[in-house]
Amino acid sequence: MNLLSNHLAGRWQHGSGPGTPLFDPVLGTELARVSSEGLDLAEGFDYARETGGTALRALTYRQRAALLAEVGQVLQAHREAYYDISMANSGTTRKDSGVDIEGALYTLAQYAKWGESLGDARALLDGDAMRLAKDGTFQSQHLLTPVRGLALFINAFNFPAWGLWEKAAPALLSGVPVVVKPATATAWLTQRMVADVTAAGVLPPGALSIVCGSSKGLMDPLRPFDVVSFTGSADTAALIRSHVAVTRHSVRVNIEADSLNAALLLPDASPGSASFELLVGEVVREMTVRSGQKCTAIRRVFVPGHCYDAIAEAISAKLRGIAVGNPRSDGVRMGSLVSREQLDGVRAGLAQLREQAELLHDGASHPIVDADPAVAACMGPTLLGARDAHAASLVHEVEVFGPVATLLPYRDLGEAQALIRRGEGSLVASVYGTDPQQIAEAAAALADSHGRVHAVSPEVASLHTGHGNVMPMSLHGGPGRAGGGEELGGLRALNFYHRRSAVQAGAAAIERLAATGSRLTF
Ligand code: NAP
């Protein structure tokens, strides 16, 4: 039995008991087991804070940035093993595995580069000093210092590689030790990456720990200066927010949760126009990459009423050509969902949406290539449609975390924006049009309810980064049901791992203070 080890208190430790199995979701075979039973979490957390935190804070931003670059090199050296694990444990094609693995490497490289620009400081200056006394002898300077606790990451199953490093890169650059708890279903890839980095001895002891298995008791040892970054469902997010450690110790929490992301085709589009085609291509991509298991994937597609039928046909035609099945088979473009449980969940969500929506393209019409449909967690992409977008309330409420999207017609832009807002806060909305003025107005109108607005126009057709791709330069997170969190966005990400303090002192002391810090500019 391959029981994956936990790395805690600076040493590898096995949990007790038989553990929870991890499966190949295509073949149904067991791959490994995880257990966190019997681990002394309090000891491990103390070690991370005291040994890892102290060592990291002794370094400058430039030195920590260099560590990130080294971590990237270690991961590069083992890259092929990550692709193998991803295909086996997540059921993804090589291309879809790359979204996770290359995304992780790219994000690490970016933070290594940005961190270098912060130089040899150990604290950051937030803004300029301000006068408190009229003559300037007494001033105030906002200072950002690394939090003196640990960063606990509780991650979702869909991005086991990127999900770790998009959080760990800014945390480690800030000087904050990391404890990651990957989602059980796909914990293997995260565990292997931590094992490789640990074996290479790149990071100081205690800087990176991992707990695989049950989350029972995970948050109990949290202390006032710790931070928690959670990615997962809104239901678990509610438990995290109300945990006694959070309510009693004011532990800072970042939540990335469900999202009913929208794509909006602007009103002047017509069937076959450039923006029409761009929307069709992007919707198909978002529905099928990682089998739609992306928090940013397009779930609702808003189109002018006169385009509804033509769009339904154009998307369906492209979906018909998607081969679904065993990702090891040539020609298969969409692999499986991460588990049979997820497949059941997606089918249940689809059945719910079907109460209020028509079937425009049936995923069940896809043969499952080179895999047993009774075993593999594979399903074809399904396009639904609701001609009355107001009445189809479930479409604006239920997140089906799989290859499913719903087409919704609108009469005018005001109505489309109101319907999009019924998602109650999302990670991303994409806008498709040709007129820069209209695009700018639509983006400004959607910005309050979305963490990111992604506009696609013909001149960026081959350059834009994709509706669902999270770029480290741009903010990731969204208001309302999306969790209210903020990640990435360049050096903005460092805010979460620093404590802001206002230092009020005489001008000479403020000047000395300013000389030791690096000014945080975005
Ligand atoms: P989940 O069931 O909420 O699990 C997320 C993580 O929380 C897992 O590591 C899970 O561990 C852990 N967990 C479960 N119960 C817990 C508890 N009581 N206390 C502490 N931790 C607990 O979500 P999921 O099914 O893995 O992920 C799918 C969801 O994530 C979707 O709804 C998707 O929208 C959302 N998501 C959001 C983003 C974003 O950036 N906004 C990104 C990806 C996914 P176990 O696996 O061991 O149960």
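## Ligand contacts

A backbone N or O atom of Gly-232 lies 3.3 Å from an oxygen atom of the ligand. This is a polar contact, meaning a pair of N or O atoms within 3.5 Å; within protein, one must be able to donate a hydrogen and the other to accept it, and residues adjacent in sequence count only if both atoms are side-chain atoms. Ser-233 uses its side chain: an N or O atom there is 2.7 Å from a ligand oxygen. For Thr-236, a polar side-chain atom sits 2.6 Å from an oxygen atom of the ligand.

There are 26 residues around the ligand, counted when one of their heavy atoms lies within 4 Å of it. Asn-155, Thr-184, Ser-233, Thr-236 and Glu-399 come nearest.

## Model and conventions

The model is predicted: local features need pLDDT of at least 70, side-chain atom pairs count only at pLDDT 80 or more, and totals for chains, interfaces and linings use all residues. Residues are numbered from 1 along each chain as its sequence is written, and side-chain values use heavy atoms, with hydrogens and water left out.

## Annotated domain

UniProt lists residues 19–497 as "domain: Aldehyde dehydrogenase", in an unreviewed entry. UniProt positions follow the numbering used here, feature names are shortened, and annotations may be inferred rather than shown by experiment. The span is 36% helix and 19% strand. Helices (H or I, at least four residues) and strands (E, at least two) are DSSP runs, numbered from the N terminus. The end C-alpha atoms of residues 19–497 are 33 Å apart.

## Aromatic pairs

The count comes to four aromatic pairs. Rings of Phe, Tyr and Trp (its six-membered ring) pair if their centres lie within 6.5 Å; planes under 30 degrees apart are stacked, over 60 edge-to-face, and the rest tilted. One of the pairs is Phe-157 with Phe-401: the centres are 5.7 Å apart and the planes at 85 degrees, so the pair is edge-to-face. Phe-157 lies in the loop between strand 8 (151–154) and helix 5 (162–174), and Phe-401 in the loop between strand 18 (382–385) and strand 19 (404–410), so the pair ties together parts 244 residues apart in sequence. Phe-157 is buried at 15% relative accessibility. Phe-401 is also buried, with a relative accessible area of 15%. Buried means under 20% relative accessible area, exposed over 50%, and partly exposed in between (1.4 Å probe, protein chains only).

Phe-159 and Trp-162 form an edge-to-face pair, 5.5 Å centre to centre with 70 degrees between the planes. Phe-159 is buried at 9%. Trp-162 is buried at 9% relative accessibility.

## Charges over rings

Phe-159 also has a charge over its face: Arg-290 lies 4.9 Å from the ring centre. The rule requires NZ of Lys or CZ of Arg within 6 Å of the ring centre and within 35 degrees of the ring normal. Arg-64 sits over the face of Tyr-61, at 4.7 Å from the ring centre.

## Cysteines and histidines

A search of the whole structure finds zero disulfides, a disulfide being a pair of cysteine sulfur atoms within 2.5 Å. Cys-295 is buried at 14% relative accessible area. Cys-378 is buried at 6%.

His-361 belongs to strand 16 (residues 358–361). The residue is buried, with a relative accessible area of 5%. Its side chain makes a polar contact of 2.8 Å with the side chain of His-366.

## An exposed loop residue

Asp-448 is in the loop between helix 13 (436–446) and strand 21 (450–456). It is exposed at 53% relative accessible area. Its C-alpha is 35 Å from that of Ser-336, 112 residues away along the chain.
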